[in-house]
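Subject: Structure for your review

Hello,

Here is the structure for you to look through. My notes follow below it.

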Amino acid sequence: MSQIDEWLDYAPVFGSGSEFEGACRFVDEYLLHHTFLVGNSLSIADVAVWAGLAAAGMRWESLRKSKKYQNLVRWFNSISADYDAVLSEFTSTYLGKKGSTKAASSKSKEPQSSNSRSSAVENGVQAPETRAFEVDLPDAEVGKVKLRFAPEPSGFLHIGHSKAALLNQYFANRYKGQLIVRFDDTNPDKESSEFVDNLLKDIETLGIKYNAVTYTSDYFPQLMEMAEKLIFESKAYVDDTPREKMQHERMEGIESKCRSNTVEENLKLWKEMISGSERGLMCCLRGKLDMQDLNKSLRDPVYYRCNLTPHHRIGAKYKIYPTYDFCCPFVDAVEGITHALRSSEYHDRNDQYYRIQQDMGFRKVHIYEFSRLNMVYTLLSKRKLLWFVQNGKVEGWDDPRFPTVQGIVRRGLKIEALIQFILEQGASKNLNLMEWDKLWAINKKIIDPVCPRHTAISEERRVLLNLTDGPKDPFVRVIPKHKKYEGAGEKSVTYSNRLWIDYADAESISINEEVTLKDWGNAIVKDIKKDENGIVTQLTGVLHLEGSVKMTKLKLTWLADDNELVRLMLVDFDYLITKKKLEEDEDFVDVVNPSTRTETSALGECDMRNLKRGDVIQLERKGYYRCDAPLVRPSKPIVLFAIPDGKQQTVAK
């Protein structure tokens, strides 16, 4: 078989979710000493591997930005730039036949790039034909699309925001357009620079590429000018109706007594609002839309309110702040946004958005709706998440029980898994309640093929196994940390005649039973000692290394009894609430889970002293863990957070 044939046979491995990173690593190492895969010029081998990477979509893009595989990225970028015509012809035929996406409509508005064609294949998972990403943005033209991701800096980015961010990036890439990150910073009571910094950090973590960062507060002068213009045109008025009465009148379609104020009266009260005077604090600015409209969002919404809290960017310069309803259609239009992506929960406010833009005299910005991502046993409201932070129920916004990007990454989720999970949902408008199991199952496929294996024994009630013919003088062997992945490295394992095993294993063993000691061989248990309560306290056995591991029922993890073992704290988490889905009128405080963190003391093999924060490992027969606190001193344990695997669902009590 020729080298080219070998590469052609190898290329499909990039379509396997579990083997993707391993394949990237292999090719990256190969390209350290090669410009092309075969020979000194481009061949079909290069094209096939390039296409496999391109078809991986966001998973490859996230790795490409991470600088993790620099040789592979150099090769990919070089081929993309130098052989664009060849690759375009290849992808339009080969990738098209594989059904990566449906053909573009006759309008040909969809860009013919490898990323758009391969978007329906993520990490080797073929999407159904109804995949939402195959829909077009209305009136979108290649090269002219401009989108914005506009989080409010009042918390950290959570999994729901991640969907919005990734969909914006997807459409920006698909239409070769621009993406702006805009901070909707119009509520100084809730916002801070800390949130801005962390949101930018989270956006970078997601691999979002944007063209600019803007702030709604940059447009405060223009927004005030627009408000005055609408007052002059009798399209807005100042209202001093008490808030509760105003809400009642809006619900009943009753016009405010202030609706008929003259322009002069409105301008006078507007100036009181601007100065933050006692009279001004009693007022708000409302749009004069339609108090009889069946869509209640059009019943004279509030445009401006007084607020004396200093702003985190501009201090106490302003005493009034625009509402989201007012500033969003304005800034979208001024920044040249062509399509505003909004979750379907805002559907009833779309008519309001268009009407306000019309009153302002702007062109229409298209709204494209997608369904909000809801997860079982999960709160996504920043107000509710803030309650957990302020009441000490969690450590902070990056707590591993939180659905924030920083929280789930700290729990052990790989960003590639999050991206794949979200993109598989697509831009569907169907409301759905997703299970966490699916996300963690995707994560397992990514971490299992590469994460190192280690051994830990629960410290409480551990049992000593004495091997009467075992080595009196302990010896050390070097074995691989992962039998199928050399990149995981090696570890030193101590073998001795005194071994610690878990109590659960010890109590399930019978006298004269043959068991397997993992990474050593078989042994036969000859004696079992118990205390007066029937608790197993010690086992005695002999080695039987020639025994067949296939014939034993129990495969035991063990640790040699020596002073090199390290202390561990294994931490598991439960959901923060005990109900899958809250009803609209239900108070979340009533279903707060009283016990969401479980700690187990354990002992680990000596090699674990080299773990770094963020390392993901598997503890044999216990599960996957992420190191949250590495070894600092012997008296302080290494803290490992349990990573769900998509099977062992924690059930809230």
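How many cavities of 30 Å³ or more does the count come to? The count comes to 5, where a cavity is a set of points, on a 1 Å grid over the protein atoms alone, at which a 1.4 Å probe fits but cannot get out. Grid points are joined across faces, edges and corners, and a volume is the space filled by probe spheres set on the points.

Before the details, the basis. This is a predicted model, in which local features need pLDDT of at least 70 and side-chain atom pairs count only at pLDDT 80 or more, while totals for chains, interfaces and linings use all residues. Residues are numbered from 1 along each chain as its sequence is written, and side-chain values use heavy atoms, with hydrogens and water left out.

Overall: the protein chain has 653 residues, of which 55% are buried (under 20% relative accessible area, 1.4 Å probe, protein chains only). It has 19 helices and 29 strands, taken as DSSP runs of at least four residues (H or I) and at least two (E) respectively, numbered from the N terminus. Along the principal axes, the C-alpha atoms of the chain fill a box of roughly 100 × 70 × 40 Å. Of the contacts (heavy atoms within 4.5 Å) with a separation of 6 or more, 71% are between residues 24 or more positions apart.

The second largest cavity holds about 210 Å³ of space. Its lining (residues with an atom within 4 Å of a point) has 18 residues, and Thr 455, Val 493, Trp 558, Leu 559 and Glu 605 lie nearest the centre. Strand E18 (490–495) and strand E24 (559–560) each supply at least two lining residues; E18 gives the most, with 4. The lining divides into 7 nonpolar, 4 polar and 7 charged residues, with Asp, Glu, Lys and Arg as charged, Ala, Val, Leu, Ile, Met, Phe, Trp, Tyr, Cys and Pro as nonpolar, and the others, Gly among them, as polar.

Strand E8 (residues 302–306) is largely enclosed by the rest of the structure, because 4 of its 5 residues are buried. E8 pairs (at least two DSSP bridges) in the antiparallel sense with strand E7 (residues 284–287) over 3 bridges, and Cys 284 stands opposite Arg 305 in E8. E8 also pairs with strand E9 (residues 320–322), antiparallel over 3 bridges, with Tyr 304 opposite Pro 322 in E9.

Regards

Notes. Buried means under 20% relative accessible area, exposed over 50%, partly exposed in between (1.4 Å probe, protein chains only). On a 1 Å grid over the protein atoms alone, a cavity is a set of points where a 1.4 Å probe fits but cannot get out, and a pocket is an open set with protein on both sides within 12 Å along at least five of seven lines; lining residues have an atom within 4 Å of a point.
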